[in-house]
Amino acid sequence: MDAPVSLLAIDKLYQALDLHPFQQPWWKNALRWLKQHQEWAWALLLFVIVLNAYHFWLEFRFSKSKKALEQTLLRLKEKSELLEHSQRVAIVGELGSSLAHEINQPLTAIRNYSEGGLLRLAKRRPHEDIVPVLENIQQQVERADAIVRRLRALIKKRSIEKRPSHVEALIDDTVELMRFRLQKQNIAVIRSLEGTAVEVNVDGVGIQQALVNLLNNALDACELQRGESGANYLGKILIKTEYSAESLVVRVLDNGTGLKHDNPTEAFASTKQEGLGLGLAICIDVMELHGGEFAIHSVLPHGCMATLTIPYHATQH
Ligand SMILES: Nc1ncnc2c1ncn2[C@@H]1O[C@H](COP(=O)(O)OP(=O)(O)O)[C@@H](O)[C@H]1O
Ligand SMILES: [Mg+2]
């Protein structure tokens with residue numbers, strides 16, 4: 001005879017298998033629970049709605065700030081283009097009298113030579129006598145042309161172009177551009193070189209712009225110092241290049257007044273009546289483009305040293 005199976009055991013088995021005839025499907029249970037706890041259900045629904053609304057509100061805010069950010073970026077870009085433009089124009093101002101003189105010189109020479117040539121023609125001198133005059137004129141035309149070309153390269157709108165360059169030659173070229181002012185103020189430029197000069201990957205025009213600014217600042221400071229020290233003062237500017245293993249350091253040292261401004265590198269900071277205050281800002285800009293650094297400080301007994309550090313392998317482009 002079979003042992004009687006307890007009803008309870010069967011019941012338990014049904015339950016374990018989820019097949020109990022009296023067992024309600026889960027959703028019915030849930031519905032019942034909801035009916036019993038309506039306030040909770042409403043609260044839950046409200047919570048979900050609020051959460052969704054919050055999400056959409058955040059998204060809306062996000063897209064709005066994104067648009068605002070994009071617009072700010074655009075404005076910033078316009079401003080930086082404007083600044084770049086004013087910097088380029090500032091360079092023309094910086095070169096000012098030097099430039100007029102540089103261009104006038106060959107023009108005056110051309111006038112003299114052509115007058116001389118005409119005189120020789122009037123005297124019916126042989127052609128052999130006229131040829132050297134014409135050659136001289138040709139030379140002066142080339143000189144004027146070179147000046148204009150250099151200036152155009154310095155101020156034209158350009159994309160930054162870095163290429164391997166001889167910085168020594170760039171410096172020579174810049175000193176040449178400033179020659180008139182240097183001579184007028186009777187300031188000696190001394191060059192010195194440490195290490196072995198190698199080609200460095202630079203934006204030549206940018207480096208020249210920085211140098212023009214530094215030389216002009218040094219000249220301004222020397223002029224002021226002459227006013228303080230008197231006629232015996234001998235203004236000097238030392239341009240030192242140091243080629244080390246990782247970088248080229250260019251120093252411009254003058255024996256002028258030294259810094260009279262706490263934050264001279266800020267854009268538009270100037271102690272000069274007609275000063276734009278952009279020169280040092282340009283230097284910082286140019287150095288940033290090279291992944292380098294710009295620094296300026298006073299030296300004893302009086303004077304100033306500006307330092308451009310240009311790494312051979314820029315970290316920034
Ligand atoms: N070599 C220097 N000697 C003394 N002061 C300097 C020198 N270079 C710059 N400065 C100071 O830094 C200021 C800012 O220079 P810069 O940006 O070139 O503008 P700006 O020459 O138009 O005034 C100058 O007005 C001057 O006070
Ligand atoms: Mg300046």
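How many residues surround ligand 1, and which are the closest? I counted 24 residues around ligand 1, and the closest are Asn 217, Pro 264, Ser 270, Gly 275 and Gly 279; a residue is taken as near a molecule if its C-beta atom, placed from the backbone, lies within 6 Å of it.

Before going on I noted that this is a predicted model, in which local features need pLDDT of at least 70 and side-chain atom pairs count only at pLDDT 80 or more, while totals for chains, interfaces and linings use all residues. Residues are numbered from 1 along each chain as its sequence is written, and chains are lettered from A and ligands numbered from 1 in the order in which they are written.

**Shell of the ligand.** I looked up which elements give two or more residues to the shell around ligand 1 and found α7 and α8; helices (H or I, at least four residues) and strands (E, at least two) are DSSP runs numbered from the N terminus. Helix α7 gives the most, with four residues. By class the shell divides into 10 nonpolar, 11 polar and three charged residues, where Ala, Val, Leu, Ile, Met, Phe, Trp, Tyr, Cys and Pro count as nonpolar, Asp, Glu, Lys and Arg as charged, and the others, Gly among them, as polar.

**The two helices.** I then checked how α7 (residues 204–229) and α8 (residues 279–289) pack, and found an angle of about 150 degrees with their axes 9 Å apart; axes are lines fitted to C-alpha atoms, for helices over the stretch in contact, and angles run from 0 to 180 degrees between N-to-C directions. The two helices are therefore roughly antiparallel to each other, a term for angles over 145 degrees. Residues of α7 including Gly 206, Ala 210 and Asn 217 meet residues of α8 including Gly 279, Cys 283 and Leu 289, with contact meaning C-beta atoms, placed from the backbone, within 7 Å. This contact of α7 with α8 has eight nonpolar, six polar and no charged residues.

**The sheet.** I traced an open sheet of five strands in the order β2-β4-β5-β7-β6, with mixed pairing; two strands pair if DSSP finds at least two bridges between them. Its edge strands are β2 (188–194) and β6 (293–298), each of which pairs on one side only. Neighbouring strands are turned by 15 degrees against each other on average, direction ignored.

I followed the bridges across the sheet: β4 (residues 236–243) and β5 (residues 247–254) pair in the antiparallel sense over seven bridges, and Ile 239 has Val 252 in β5 as its bridge partner. Val 252 in turn has Ala 306 in β7 as a bridge partner, and eight bridges join the antiparallel β5 and β7. Strands β6 and β7 pair in the antiparallel sense over six bridges and form a hairpin with five residues between them, where Gly 303 in the turn has a positive phi of about 140 degrees.

**Helices on the sheet.** Last, I saw that α7 lies across β4, β5 and β7 (304–311), running at about 25 degrees to β5.

Technical notes:
Angles under 35 degrees count as roughly parallel, over 145 as roughly antiparallel, 65 to 115 as roughly perpendicular and the rest as oblique. Two residues are in contact if their C-beta atoms, placed from the backbone, lie within 7 Å.
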